[in-house]
Amino acid sequence: MNDLFFHHATDTLKAFTTAATTLNDQSQTDSWALMTAGLATFSSGDTDNSQLKFAEVTAPSLRPMAQAIRFDTPFFDKLKKTTDEDLLSGLPIVETIREGVFKKDDVLYMACNSTYFDMFAKPLLLSLADQGPGNEVHIHLMDSPQSHTEQADRFCSDLKNVRTALSIERPEFSDDSLVSRRAYFHAIRFIRYYHHFKQYQRCLWLMDVDGLFNKSPETFFSESRGSDICLRARPGRLEPWNQFNACLVGTRPTGTATKYLHHVAAYIAHFYQDKQLPWGIDQLAMYASFVDLQRRGTAPGIGFLDDRILDYEYRDDSVLWCSSGVGKLTSPSGKSVEDDPNATPYDLAFTRYVNLQDGLDRPEKSV
């Protein structure tokens, strides 16, 4: 076990142990102990027995994720039989607003709700037009009212140097909490991604919208040619749902890559239809599906994205500046930050693109 892995694992286990000892309810304490044992077993490489320990967790706060951790072969045998139509069971229809007539081998794919589109996707798209003119992107809006959809379509029409396609879905959320909505957005996007991937038959790059391009994406396009799947791995993480990162995932139109992406979509669809979508199931599905295919000898070839591609420290020579965690929700929004000594290069660039967006948006934009 390397030092990075050891320290992260130790910190995580300490956190679980501390939480368990401060709980008065015995069933809660037992569940935290089982979760800890499951993580320790998983970190040793014994995925099958870790699943058995996770399956015993009963605490409501832990059970959804614990029950979603599956590595058993019969489970994936069932997923293999899931048809593309089965994946859509219970989901709203998808409407095409702007047809994607793409010419490039690599196309970006962004999926988000209306709030994230206005807050983050617009500056991101403007940074793409600035740093990577001529690129192509499919935007899938989730929970976008008609007025917002019209405004988003106008924005795409006015966007220079970027070819766009736009699709929308409008799930029924009347009785769901914010947590349930966020879980839907982060997970169901993989099902939409899979279907659009099959439609376009190009390398499709699913990406989070809370970032900015500092350089053209052509860098990671060209460097990924020999891989079926490209993603960011997280060495040293203890949790099954944190082994692979979902912030940028490129999938090439190969047979093994298509099978892998189907596994991921079917994994998520299974738990969605079972009314259980814990936060992080997207990354869990990515990792568990890879493990299953690896056991069968049909795993896709993976290309790993380094910190020169995905940069959380905002270096001058990196491609994509990423913003994650709660900090992104407090990023400057058109407010001058030039005199702020704590402003990061991301903050300065974000403000510049928001100001540019405000100058381009038409007065009738939705609020």
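These legends describe close-up views of a sheet and of a pocket in a predicted model. Residues are numbered from 1 along each chain as its sequence is written. Local features need pLDDT of at least 70, and totals for chains, interfaces and linings use all residues.

**View 1**

View 2. Strand β7 (residues 229-233) pairs with β8 (residues 244-251) in the antiparallel sense over four bridges, and Ala 233 has Phe 244 as its bridge partner in β8. With β9 (residues 302-304), β7 pairs in the parallel sense over three bridges; here Leu 231 is partnered by Phe 304, and Ile 229 by Ile 302.

**View 3. Lining of the second largest pocket.** This pocket (on a 1 Å grid over the protein atoms alone, an open set of points where a 1.4 Å probe fits, with protein on both sides within 12 Å along at least five of seven lines) is described by its lining residues, which have an atom within 4 Å of a point. The lining comprises 21 residues, of which Asp 176, Ser 180, Tyr 272, Lys 275 and Leu 277 lie nearest the centre of the pocket. Helix α8 gives the most to this lining, with five residues.

Note on methods. Predicted model: local features only at pLDDT ≥ 70, side-chain atom pairs only at ≥ 80, totals over all residues. Heavy atoms only, no water. Helix = DSSP H or I, 4+ residues; strand = E, 2+ residues; numbered from the N terminus. Pairing = 2+ DSSP bridges.
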